[in-house]
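The stops below cover charged pairs and a sulfur link.

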Amino acid sequence: QVQLVESGGGLVQAGGSLRLSCAASGSIASIATMHWYRQVPGKQRELVAGIFNSGRTNYADSVRGRFTISGDNAKNTVYLQMNSLKPEDTAVYYCNVQGLLETRQIFGSWGQGTQVTVSS
């Protein structure tokens, strides 16, 4: 009932920047949290950054100071600005959104993933 569409991934050289977007659509009444995760083959998915409806944000230590998460409540969209990218940031990035449907049911949805590749 909630669809997430991610965009913005690609190939970039070390030191470069990318901006990921994740737009949520469907019968959404409100969004509580929006997070970005990433995963490389053979490893567990790890939390990168999150933003809450209060505006509070949190970041993994590995990206703090380089990545910035932001949200547009009117568009139900979350962004991840990634600067000073490193080869170890290479991964598939997924967004996760949690909130309430118009039916008052709680929902949690994942995006399809977008590949980020950082060359050295």
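Select Arg66 and Asp89: their side chains meet in a salt bridge, 2.8 Å from N to O. The term stands for a side-chain nitrogen of Lys or Arg within 4 Å of a carboxyl oxygen of Asp or Glu. This pair links distant parts of the chain, 23 residues apart: Arg66 sits in the loop between strand E6 (57-59) and strand E7 (67-72), and Asp89 in the loop between strand E8 (77-82) and strand E9 (91-101). Helices (H or I, at least four residues) and strands (E, at least two) are DSSP runs, numbered from the N terminus.

The model is predicted; local features need pLDDT of at least 70 and side-chain atom pairs count only at pLDDT 80 or more, while totals for chains, interfaces and linings use all residues. Residues are numbered from 1 along each chain as its sequence is written, and side-chain values use heavy atoms, with hydrogens and water left out.

Now colour the pair by accessibility. Arg66 is buried at 12% relative accessibility, and Asp89 is buried at 1%. Buried means under 20% relative accessible area, exposed over 50%, and partly exposed in between (1.4 Å probe, protein chains only).

Arg38 is buried at 6% relative accessibility, whereas Glu46 is partly exposed at 37%. With the four residues displayed together, look for the network of salt bridges that links Arg38, Glu46, Arg66 and Asp89.

Next, select Asp61 and Arg64. Their closest N and O atoms are 2.5 Å apart, in another salt bridge.

For the last stop, select Cys22 and Cys95. Their sulfur atoms lie 2.0 Å apart and form a disulfide, a term that covers a pair of cysteine sulfur atoms within 2.5 Å. The count of disulfides in the model is one. Cys22 lies in strand E3 (residues 18-26) and Cys95 in strand E9, so the pair ties together parts that are 73 residues apart in sequence. Both Cys22 and Cys95 are buried.
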